[in-house]
Every structure is written in C-alpha cells, then in structure tokens.
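User: Hey, I'm new to this one. Can you walk me through it?

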Amino acid sequence: MTGKIRLGLDFDGVVAYNPFRLVRAPWAFFKNRFLGVKKLSFFYPKNQFEKMIWIIMHDSSILPARGSGLLRELVDQDLIEVHLISGRYSFLDNHLYAWLDRFGLRKIFRSINFNEQDKQPHLFKETVIKKLGVDIFIEDNWDIVDYLDGRSKAQIYWIYNIVDRFRPYDRKYPYLEKALEAIMGKKAV
Ligand SMILES: [Mg+2]
C-alpha cells in the first residue's frame, strides 16, 4: 500500500473502550440460537425509557481505546487520514461530540459520520464506506465485520473481545493499537 491510507473507524469498541461490548456477543448468540433470529438486525430503543437506558450504556464508553495516542501520531505525521463512521443512533450525537471534545479527539478526524437517519448500523456503515472510498475499516462487532467483508474495496479489520477471540479471521486484533501497527507494518513492506 502506498500513499496516505484512508482509514475508517467505528466508534464504540474501536476508538472508545466500552465495557458493555462484552455483553453483546452472548446476546447475539442467544438471539440467533434460541430466538431463531437469523437476519442481521439491531435493537432500536423505541420509548424514552429505553432511550435513557441506551444512553447510560453508551456513556460507559468512557475511555479512549488503547491506541488512540498512536492514532493521533499517525495523523500528525500525515501517514493516514481518519474518518469516524459510527452506527450510533441520532439521539446520541451530542454525547459523541462531547466525548470527542473531552479527549481532544474531534480534530483528528477528516470527517465524522453518524447514523442521522437511524438506519440499521451495518447498512449505514456499508453506505459510508463506499461513499468515502476508505481503504480499511476497523470494526469491533463480529456480525458487522462478517456483513461488510467483501462488499467494497475496503479491507475490514476486526477488534475482537475475549468472548469471540477464537473465531477464525485473517485480520483480527485485540485492540486499536495492534490493528494500527499491523496496518503500518504492511505499509512499510
Ligand atoms: Mg462498535
């Protein structure tokens, strides 16, 4: 790979560390196995109470992920340009910007794309990845990785968690820093 890499990043679980992501893998498994839900679809909170719970869960994305320092360095060195592509529903927009400002991360992104029309997250990401023509997209949700892989020219890098770490996949990493090192290693070759 030559030239500046155009990198797309999911927010929750990739740029931000979120302890609740551990809950999602068993939930996806349960839905598929016991509720017989085969089609990929994601929960959307319908009333104020569900939205409030959702906001509290997402506010637990409290800390920048390990690797956010390296991310900033690579942008400063002009080796990559980064685009945030978050599937978060629109009622969380303000929280997203507040979080980025709190950690001084808003300015590193060439563009910030969030799910204003509350589409299904995987479909939203597919659209934005194609529109921006990103070379690589980093995502933590296995179902979304599986869906996006091969649908565009973008290589999909997966941030796995301890629950699904044994799932075979060529480009899987425990956290952002390792994924970035792999990307820069490839560039150097
Ligand atoms: Mg995520």
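User: How many helices and strands does the chain have?
Analyst: The chain has 7 helices and 8 strands, taken as DSSP runs numbered from the N terminus (helices: H or I, at least four residues; strands: E, at least two). This is a predicted model, where local features need pLDDT of at least 70 and side-chain atom pairs count only at pLDDT 80 or more, while totals for chains, interfaces and linings use all residues. Residues are numbered from 1 along each chain as its sequence is written.

User: In what order do the strands of the open sheet run?
Analyst: S5-S4-S1-S6-S7-S8, with parallel pairing; strands pair if DSSP finds at least two bridges between them.

User: Which strands stand at the edges?
Analyst: S5 (109–115) and S8 (172–173). Each has a single partner strand, so one side of each lacks a neighbour in the sheet.

User: And over how many bridges do S1 and S4 pair?
Analyst: S1 (residues 5–9) and S4 (residues 80–89) pair over 5 bridges, in the parallel sense. Leucine 9 has leucine 84 in S4 as its bridge partner.

User: Switching topic: where is aspartate 135?
Analyst: Aspartate 135 sits in the loop between helix H5 (121–132) and strand S6 (136–139). Its C-alpha is 5.4 Å from that of arginine 6, though the two are 129 residues apart in sequence.

User: Why does aspartate 135 count as partly exposed?
Analyst: Because it has 19 C-beta neighbours inside 10 Å. With C-beta atoms placed from the backbone, 20 or more others within 10 Å means buried, 12 or fewer exposed, and in between partly exposed.

User: How much of the chain counts as buried?
Analyst: 32% of its 189 residues.
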